[in-house]
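I opened the model today to look up a few points about its packing. My notes follow in the order I checked them.

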Amino acid sequence: MRRSSPINKPLQDLNTSRPKLKATGVLLAGGKSSRMKKDKAFLELDGKPLVEGSLSVLQTVFSEVLISSNKPDLYACYTLPIIKDETPGQGPLEGLLQGLNAANNEWVFFAACDMPFLNAGVILYLSTLLLNYDAVVPRLQSGIHPLHAFYHKRCLPAIKNNLEAGRLKIIDFYPACSVRYVEEQELQAIADLNKVFSNVNTPDDWSAILKG
């Protein structure tokens with residue numbers, strides 16, 4: 001599958017004069033894409049792979065950007081640090097563990113690679129709520145979105161405990177941390193939330209996105 005050249009400048013329609021957040025953005029690209037039957041990260045929207053669009057947004061917002069993947073060769077062209085799971089088969093919770101360990105900043109924003117419409121404005125709003133919490137997580141009518149959320153390194157002990165206990169659902173470690181849930185009414189004036197929080201799991205999902 002064709003991959004575009006490395007990203008070396010942010011998206012043109014974002015405010016590039018704003019200082020980047022002293023936080024780390026991690027793109028989680030370690031899923032098996034089993035229902036999609038092809039690598040979701042390289043589905044093309046408007047002529048470029050989803051991974052490229054997401055990295056463009058993250059590079060515009062954050063001072064450090066990492067890619068979480070167990071297939072580093074697929075992402076080598078983007079010239080960004082790539083982190084791998086130490087224990088494969090643990091799902092995205094393992095990705096959170098390794099991303100937090102690898103980040104050079106205390107706060108880390110994680111985004112799934114199958115979200116085609118990451119929105120810098122939404123991410124920046126979430127970043128204004130970090131003080132006094134261990135995690136900042138959107139909670140919409142569609143549900144909790146743990147893979148479009150900020151986590152502090154203080155979450156590491158709870159994540160490690162749950163991994164060791166085999167509790168792999170991300171939200172299961174939340175009771176051990178201070179979590180700020182961001183409700184839909186707080187975000188709806190910023191962007192079309194149905195679009196921003198849409199993701200691609202199946203061919204039908206992808207067809208719906210392509211149809212707009």
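Which residues touch the most other members of the largest nonpolar core? I found Phe 62 and Phe 150, in a core of 39 residues. I note that the model is predicted.

I then looked up which elements give two or more residues to this core. They are strands S1 (21–28), S4 (62–68), S6 (107–112) and S7 (135–140), with helices H1 (50–61), H3 (120–127) and H6 (193–196). H1 gives the largest share, five residues.

I listed the contacts of Phe 62, leaving aside neighbours within four places in sequence. Phe 62 is in contact with Lys 20, Leu 21, Ala 23, Thr 24, Gly 25, Phe 109, Ile 123 and Phe 150. Another core, of 25 residues, lies apart from the largest one; its members include Val 26, Leu 97, Leu 100 and Leu 163.

Next I turned to a helix pair. H2 (residues 92–102) and H4 (residues 156–165) pack at about 145°, with axes 10 Å apart. I recorded the crossing of H2 and H4 as left-handed. On the H2 side the contact is made by Leu 93, Glu 94, Leu 96, Leu 97, Leu 100 and Asn 101, and on the H4 side by Leu 156, Ile 159, Lys 160, Asn 162 and Leu 163. I sorted the residues of this contact into seven nonpolar, two polar and two charged.

Last entry: is Arg 180 buried or exposed? Arg 180 counts as buried because its relative accessibility is 19%, and the cut-off is under 20%. I placed Arg 180 in strand S10 (residues 179–183). Its side chain makes a polar contact of 3.0 Å with that of Glu 186.

Technical notes: Residues are numbered from 1 along each chain as its sequence is written. This is a predicted model: local features need pLDDT of at least 70, side-chain atom pairs count only at pLDDT 80 or more; totals for chains, interfaces and linings use all residues. Side-chain values use heavy atoms; hydrogens and water are left out. Axes are lines fitted to C-alpha atoms, for helices over the stretch in contact, and angles run from 0 to 180 degrees between N-to-C directions. Helices (H or I, at least four residues) and strands (E, at least two) are DSSP runs, numbered from the N terminus. A crossing is left-handed if the near helix is turned anticlockwise from the far one by less than a right angle, and right-handed if clockwise. Contact means heavy atoms within 4.5 Å. Ala, Val, Leu, Ile, Met, Phe, Trp, Tyr, Cys and Pro count as nonpolar, Asp, Glu, Lys and Arg as charged, and the others, Gly among them, as polar. A nonpolar core is a set of buried Ala, Val, Leu, Ile, Met, Phe, Trp, Tyr and Cys residues joined through side-chain atoms within 4.5 Å. Buried means under 20% relative accessible area, exposed over 50%, partly exposed in between (1.4 Å probe, protein chains only). A polar contact is a pair of N or O atoms within 3.5 Å; within protein, one must be able to donate a hydrogen and the other to accept it, and residues adjacent in sequence count only if both atoms are side-chain atoms.
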